[in-house]
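Here is a short tour of a protein model, arranged by topic. Please have the sequence and the 3D view at hand as you read.

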Amino acid sequence: MNPTETLDPVDWSRVAELAHRMMDDAVEHVRTVRDRPVWRPMPEEVETAFHGAPPWSPMPLDEVYEIVRRTVLAYPMGNVHPRFWSWYMGAGNFTGALADFLAAVQGSNLGGGSHAAALVDQQVVGWLRDMIGLPPTASGTLVNGGSVANLVGLTVARNAMAGIDLREEGVGALERPLRFYASDQVHSCHRKAVETLGLGNRALRRIPTDAAFRIDLGALRTAVHEDREAGFQPACIIGTAGTVNTGSVDDLNALADFAAEEGMWFHVDGCIGALVSVAHDNAWRVKGIERADSVALDPHKWLHAPFEVGCVLVRDRKAHRQAFAVSPEYLKGTARGLASGEWLHEYGLQTSRGFGALKVWMALMEHGTAKFGRLIDQNIAQARHLADLIRDNVPLELMAEPELNIVCFRYAPAGLTEQELKALDTEIMIRLQETGVAALSDTVIGGQHCLRAAICNHRTRPEDLELLVAETLKLGSVLAGS
């Protein structure tokens, strides 16, 4: 074995040449994204190539890149495409991609310490805090996405409301089982969170929603009082700023009032809609989010940061730190030197964390918060445009009035059963994907299956939505035989 081996290249000039080629290809990939299909199935030989054994011998880097170019880059998920509206992704931005490259080159670990990346990280958290309207004393941490952001927030809520030293004694020492409350439209990550926290799925009571898919405040009040009478401890109300099905926003001010009245923690899942706070025309829709005890949000959605980056904000910095801080002998702070900075890992689950803040920081510096607010307003206006197109084109049926930027609809010719309609619309959805025209997802609203367009995309234009409607009508007519 050669003791002087390294992973650095032997010839840096050849690497620089290849890096310039990669950059040119990357620019072209994003510049021409509209000219490509949204998504396309992978040929069998491409899929097969990813099932081989790990390589033992080296391969020249230019050959490795050629494989990536022909296979990985050629068959993306499609969420950077202007007609990708499946699920709720964000469309990325090129500055963020450059930032990810620079962050990887610098290679900093955001567990903490005294270095520039840690300051950027905390500045981004502070900016997000300010954008939502939490006080300057609030804390926060970046994580990989909304599911972990919600888990961190609910962990702080559980520990703060337990009435015992839960970290030391565990959930088995609780005198009364804790109960959390959310609408029946709450994201599934909250079930995973309460299960992970050792409380069990039954600890999360799903409260019915009204006709606009917002949590029913009367039903919530009844559930809390019933549980208290039954010997449970109502601990946390989870408000939703943008449900995953329809984009509906709970009455956050009313929930904040009720939580204060009942002495409960108020958490807001704002992964879809929290950043509406910076939108000029629509910020009023999430009024009350600034009163939350904790908020989860996703910069890789409406700030369009490349995957992955989420954030949790907590009003009570002390409670936040107490939920996670551990100070082993090998992570002691010092008055000077590298360990003189704050230990960021004391506010979350990860001791090691990448420099995801840079892509948010650079994009915000380049474009400014006001522009992201305008893009949010733009997507919400586009959702209304799509809803109007659906209303104007029978037999398309609008399933719910859009509140933010999610539109639920279906192709529903008369005379078909619900099961037949589901089969028809599912086939329309898949054919739109396979032809590369558009990517939609599907869901169930009020017991009825429908298609779902989540317009979280800064590249979408009105003509893209008009194409979606035209192609849906055409496919529906062919498949229904009309």
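Which helix does Arg 129 lie in? Arg 129 belongs to helix 5, residues 116-132. Before we go on, note that this is a predicted model, in which local features need pLDDT of at least 70 and side-chain atom pairs count only at pLDDT 80 or more, while totals for chains, interfaces and linings use all residues. Residues are numbered from 1 along each chain as its sequence is written, and side-chain values use heavy atoms, with hydrogens and water left out. Helices (H or I, at least four residues) and strands (E, at least two) are DSSP runs, numbered from the N terminus.

**Around Arg 129**
- Arg 129 counts as buried because its relative accessibility is 15%; buried means under 20% relative accessible area, with a 1.4 Å probe and protein chains only.
- Leaving aside neighbours within four places in sequence, Arg 129 is in contact with Leu 134, Pro 135, Pro 136, Ala 138 and Leu 313 (contact means heavy atoms within 4.5 Å).

- An open sheet of 7 strands has the order 1-7-6-5-4-2-3, with mixed pairing; two strands pair if DSSP finds at least two bridges between them.
- At its edges are strand 1 (139-143) and strand 3 (204-207), each of which pairs on one side only.
- From one strand to the next, the twist averages 20°.
- Strand 1 runs antiparallel to strand 7 (residues 310-314), joined by 5 bridges, and Thr 141 stands opposite Val 312 there.
- Helix 10 (residues 252-262) lies across strand 4 (233-240) and strand 5 (265-269), at about 170° to strand 4; axes are lines fitted to C-alpha atoms, for helices over the stretch in contact, and angles run from 0 to 180 degrees between N-to-C directions.

**The hairpin**
- Strand 10 (residues 441-445) pairs with strand 11 (residues 448-454) in the antiparallel sense over 5 bridges.
- The two strands form a hairpin with 2 residues between them, and Gly 446 in the turn has a positive phi of about 55°.
- Ile 445 stands opposite Gln 448 in strand 11.
- Ser 441, Thr 443 and Ile 445 make up the covered face of strand 10, and Asp 442 and Val 444 the uncovered one.

**Helix 1 against helix 3**
- The axes of helix 1 (residues 12-31) and helix 3 (residues 61-72) come within 11 Å and cross at roughly 10°.
- The two helices are therefore roughly parallel to each other (angles under 35 degrees).

Conventions
Buried means under 20% relative accessible area, exposed over 50%, partly exposed in between (1.4 Å probe, protein chains only). Angles under 35 degrees count as roughly parallel, over 145 as roughly antiparallel, 65 to 115 as roughly perpendicular and the rest as oblique.
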